[in-house]
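Here are my comments on the model you sent over. They come as numbered points, each meant to be read with the structure open.

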Amino acid sequence: MGIRSFFDTIAETKEIHVEESMRTHYFRHSYKHVRDEFISYAEKKGYTVKNVNDTHHEIFIQHKNHYIIATVTQINPVETALDLKVGMEALFGLNRPKKIIAGIYADLKKSMTFKGVGLHA
């Protein structure tokens, strides 16, 4: 992590990432189960669910000072990938987008069966 990433206001997970915590997370559930679990998690945490697009498998949620775009991709009937993009509405991110992503993944690991990170790199 460099000094630039400390000030970034946007953080995004992807399959191949330098930081392991920022890699795609996989769960042993169907697309529908992961989508519903993520939406219920967001509502419990006070997020507003703005849009659920089942065509593109994206969920857009918003909080008072940041937004999250979750991409849920079903790899096979019992394996689903979850990628997150967090954007802050602030001048400096101060590493908050990455902390938000880490917190979401930690909470979802408690409610779903976690399979691994970056499995198809």
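**Notes on the predicted model**

1. **A lysine on a ring.** Lys-109 lies over the face of Phe-114, with 4.4 Å to the ring centre. Keep in mind that this is a predicted model.

2. Phe-27 has a relative accessible area of 0%, so it counts as buried.

3. **A tilted pair.** Two numbers describe a pair of aromatic rings: the distance of the centres and the angle of the planes. For Phe-60 and Tyr-67 the centres are 5.9 Å apart and the planes stand at 35°, so this pair is tilted. Phe-60 is partly exposed, because its relative accessibility is 28%. Tyr-67 belongs to strand E5. Beyond its neighbours within four places in sequence, Tyr-67 contacts Ile-10, Phe-60, Ile-61, Gln-62, Lys-85, Val-86 and Gly-87. Tyr-67 and Thr-48 are 19 residues apart along the chain, and their C-alpha atoms are separated by 9.4 Å.

4. **Overall layout.** The chain has three helices and seven strands. Along the sequence they run α-β-β-α-β-β-β-β-α-β. The radius of gyration is 14 Å; a compact globule of 121 residues would be near 14 Å, so the two agree. Along the principal axes, the C-alpha atoms fill a box of roughly 40 × 30 × 25 Å.

5. **Burial and surface.** What share of the 121 residues counts as buried? The figure is 40%. The accessible surface comes to about 6800 Å², and carbon and sulfur atoms account for 53% of that. Take the contacts between residues at least 6 apart in sequence: 58% of them join residues at least 24 apart.

6. **Helix H2.** This helix covers residues 31-44, which is 14 residues. From first C-alpha to last it reaches 20 Å, close to the 20 Å expected at 1.5 Å a residue. Its buried residues are Tyr-31, Val-34, Arg-35, Glu-37, Phe-38, Ile-39, Tyr-41 and Ala-42. Note that Arg-35 and Glu-37 are on that list. The buried residues of H2 pack against strands E2 (25-27), E3 (48-53), E4 (58-62), E5 (66-76) and E6 (79-88), and against helix H3 (96-111). Just after H2, Gly-46 takes a positive phi of about 90°.

7. **Phe-38.** Phe-38 counts as buried because its relative accessible area is 0%. Val-72 is 34 residues from Phe-38 along the chain, with 9.5 Å between the C-alpha atoms.

8. **Two loop residues to check.** Most residues other than glycine have a negative phi. His-57 is not a glycine, yet has a positive phi of about 60°. Its place is the loop between E3 and E4. With 25% relative accessibility, His-57 is partly exposed. Asn-95 is not a glycine either, and has a positive phi of about 70°. Asn-95 sits in the loop between E6 and H3. Is Asn-95 buried or exposed? It is buried, because its relative accessible area is 14% and the limit is under 20%.

9. **Lys-99.** This residue is in helix H3. Lys-99 counts as exposed, because its relative accessibility of 56% is over 50%. Lys-99 and Ala-11 are 88 residues apart in sequence, but 9.5 Å apart in space, C-alpha to C-alpha.

Terms used: Residues are numbered from 1 along each chain as its sequence is written. This is a predicted model: local features need pLDDT of at least 70, side-chain atom pairs count only at pLDDT 80 or more; totals for chains, interfaces and linings use all residues. Side-chain values use heavy atoms; hydrogens and water are left out. Helices (H or I, at least four residues) and strands (E, at least two) are DSSP runs, numbered from the N terminus. The expected span of a helix is 1.5 Å times one less than its number of residues. Buried means under 20% relative accessible area, exposed over 50%, partly exposed in between (1.4 Å probe, protein chains only). Contact means heavy atoms within 4.5 Å. Rings of Phe, Tyr and Trp (its six-membered ring) pair if their centres lie within 6.5 Å; planes under 30 degrees apart count as stacked, over 60 as edge-to-face and the rest as tilted. A charge sits over a ring if NZ of Lys or CZ of Arg is within 6 Å of the ring centre and within 35 degrees of the ring normal. The radius of gyration is taken over C-alpha atoms; the globule rule is 2.2 Å times the number of residues to the power 0.38. Accessible areas come from the Shrake-Rupley method with a 1.4 Å probe; for residues, only the protein chains shown count as cover.
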